[in-house]
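Notebook open, model loaded. I want to go through the side-chain contacts one kind at a time and jot down what turns up.

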Amino acid sequence: MKMAGHSILYEGNTSKTRSLLTLLIGLLIGFCIAELISYMTISEDINPKNIVASTASPKQQLTNDVGIPNLGVIEHEHPFDNTSLSDQLKREVRVLCWVMTNPSNHKKKARHVKRTWGKRCNILLFMSSAADEELPTVKLDVEEGRPNLWRKVKEAFKYVYKHHYNDADWFYKADDDTYAVIENLRYMLYPYSPETPVHFGFKFKTFVKQGYMSGGAGYVLSKEALRRFVVDGIPDPKMCLPGTVINEDIEIGKCMENLNVTAGDSRDVNGRGRMFPFVPEQMLIPNKDPNFWYWNYQYYKTDDGLDCCSDNAISFHYVAPNFMYVLDYLIYHLKPFGVERSQQLPAKLKVGELMSPPKEEPANSNEDSVDDYDRLYTPAVTMNSNEPDSREVSSNESGRKFANGEKN
């Protein structure tokens with residue numbers, strides 16, 4: 001009897017042990033399955049080549065423009081930020097942005113403009129020759145290709161004037177590889193009346209007496225400038241070139257001058273640039289060759305190097321899609337803890353009144369200064385074929401050319 005009791009007790013313990021073991025194994029398997037499902041759900045729209053832990057080199061990640069992830073899954077907000085000034089500017093300085101693109105760039109470039117800086121415009125439009133509901137696009141009856149750029153610009157501004165003239169105060173044209181800080185654009189435009197005939201951008205000094213704006217850095221027209229362009233300029237061949245050519249930025253510069261639309265000064269009060277035809281790296285660490293075309297073409301003799309650029313910079317060109325997300329993070333998320341800057345809006349100007357030009361003063365740092373040889377070197381301006389035009393090139397190509405002093 002005693003042996004039988006021990007046997008029953010042993011079997012009972014064994015049964016409990018097996019049940020417990022089965023339960024633990026089930027929980028472990030369930031946990032693993034849940035983790036796998038969670039990983040697949042989060043990662044379904046992320047290309048492994050773009051993960052931070054990727055083995056790809058930084059250079060490859062900055063220039064690869066295919067398969068950019070939908071970063072909405074890791075987007076985060078800052079509910080305690082004080083955005084009262086930027087909110088005020090968005091109401092008072094309404095900016096319509098239109099982006100020049102083409103069907104082959106809809107997925108590679110344009111949609112990443114929409115996911116980053118473009119969403120901060122009051123109105124965002126994409127001008128193309130094909131419809132795309134994701135963006136969405138305005139389908140223009142213009143063939144693609146560099147020879148048709150001038151006609152495409154004219155048709156785009158005609159569409160904007162017809163459908164959105166009263167919906168905005170300023171009208172900003174950019175390329176699909178331009179990155180713009182729209183809050184800083186509004187801040188620059190705030191003093192000006194939209195009824196003042198003026199336009200702003202990165203100003204070149206060749207071909208047009210008052211200067212013309214780089215197409216890649218983007219240029220912004222006041223409401224009155226847009227009206228003159230569409231109503232008085234495009235229909236009149238004496239005002240604006242009919243047909244189409246490659247260099248749309250030069251032609252709109254000529255047209256603006258003929259229409260008495262002022263080529264405004266986009267520099268800040270310290271004389272530092274705010275709109276740039278290259279990526280930040282190439283402006284901060286530039287090609288120092290004094291014979292490089294850029295130094296001949298820039299309208300204002302601004303400092304280069306680390307003192308080149310305003311704290312309220314607005315736009316850069318040849319920005320790869322991946323780098324747009326990097327800039328978005330650095331500008332809108334990364335902040336030095338405990339450092340705050342006082343901000344206030346400037347006084348409003350009267351219609352037709354322009355800001356005074358900034359004072360030429362030495363830079364406030366030891367990194368670079370107005371005494372650099374780039375200030376002392378004053379090359380003669382030559383009207384030759386080395387002029388930078390609006391052709392579409394990759395960020396890799398633009399960086400190599402800037403570094404090597406080649407023309408576009």
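Which residues do ring pairs link into a cluster? I looked that up before anything else, keeping in mind that this is a predicted model. The cluster takes in Phe 202, Phe 204, Tyr 212, Phe 278, Phe 292, Trp 293, Tyr 294, Trp 295, Tyr 297 and Tyr 318.

**Entry: aromatic pairs**

I get 21 aromatic pairs in the structure. I picked Phe 157 and Phe 229 to look at: ring centres 5.6 Å apart and planes at 85°, so I note them as edge-to-face. This pair reaches between distant parts of the chain, with Phe 157 in helix H5 (residues 149-164) and Phe 229 in helix H7, 72 residues apart. Phe 157 has 0% relative accessibility and counts as buried; Phe 229 is buried too, at 0%.

Trp 293 is buried at 6% relative accessibility, and Tyr 297 is buried at 2%.

**Entry: charges over rings**

I also checked for lysines over rings. Lys 203 lies over the face of Tyr 299, 4.4 Å from the ring centre. Lys 348 has its charged end over the ring of Tyr 190, 4.1 Å from the centre.

**Entry: disulfides**

How many disulfides does the structure hold? I find three. With the bonded cysteines numbered in sequence order, the pairing reads 1-2, 3-4, 5-6.

Cys 97 is joined to Cys 121, S to S 2.0 Å. The angle about the S-S bond is -95°, and the link of Cys 97 and Cys 121 is left-handed. Cys 97 is in strand E1 (residues 95-100) and Cys 121 in the loop between helix H4 (106-115) and strand E2 (123-128), so the bond ties together parts 24 residues apart in sequence. I have both Cys 97 and Cys 121 down as buried.

For Cys 240 and Cys 255 the sulfur atoms are 1.5 Å apart. Cys 240 is in the loop between helix H7 (223-233) and helix H8 (248-258), with Cys 255 in helix H8, so this pair ties together parts 15 residues apart in sequence. Cys 240 and Cys 255 are both buried.

The remaining entry is Cys 308 to Cys 309, with S to S at 2.1 Å. Its S-S angle is -70°, again noted as left-handed. Cys 308 and Cys 309 are buried.

**Entry: salt bridges**

My search of the whole structure gives 17 salt bridges. Glu 134 bridges to Lys 107, with the closest N and O atoms 3.5 Å apart. Glu 134 is in the loop between E2 and strand E3 (137-139) and Lys 107 in helix H4, so the bridge ties together parts 27 residues apart in sequence. Buried or exposed? Glu 134 is partly exposed at 29% relative accessibility, and Lys 107 is partly exposed at 40%. I also see these two in a salt-bridge network: Lys 107, Arg 111, Arg 115, Asp 132 and Glu 134.

Next I took Arg 120 and Asp 328, which meet at 3.1 Å, N to O. Arg 120 is in the loop between H4 and E2 and Asp 328 in helix H11, 208 residues apart. Arg 120 is buried at 14% relative accessible area, and Asp 328 is buried at 10%.

Asp 307 and Arg 272 form a salt bridge at 3.4 Å, N to O. The loop between H10 and strand E11 (315-316) holds Asp 307, while Arg 272 is in the loop between strand E10 (262-263) and helix H9 (280-284), 35 residues away. Both Asp 307 and Arg 272 are buried.

**Entry: two helices**

The twelve residues of H11 should span 16 Å at 1.5 Å a residue, and the end C-alpha atoms are 17 Å apart, which agrees. Pro 321 has a relative accessible area of 3%, and its C-alpha atom is 9.6 Å from that of Thr 178, 143 residues away along the chain.

In helix H6 (residues 182-189), six of the eight residues are buried, so I note H6 as largely enclosed by the rest of the structure. The buried ones are Ile 182, Asn 184, Leu 185, Arg 186, Met 188 and Leu 189.

Methods. Residues numbered from 1 in each chain as written. Predicted model: local features only at pLDDT ≥ 70, side-chain atom pairs only at ≥ 80, totals over all residues. Heavy atoms only, no water. Buried < 20%, exposed > 50% of the residue type's maximum accessible area, 1.4 Å probe, protein only. Helix = DSSP H or I, 4+ residues; strand = E, 2+ residues; numbered from the N terminus. Expected span 1.5 Å × (residues − 1). Disulfide = S-S within 2.5 Å. Phe/Tyr/Trp six-rings, centres within 6.5 Å; stacked < 30°, edge-to-face > 60°. Lys NZ or Arg CZ within 6 Å of the ring centre and 35° of its normal. Salt bridge = Lys/Arg side-chain N within 4 Å of Asp/Glu carboxyl O.
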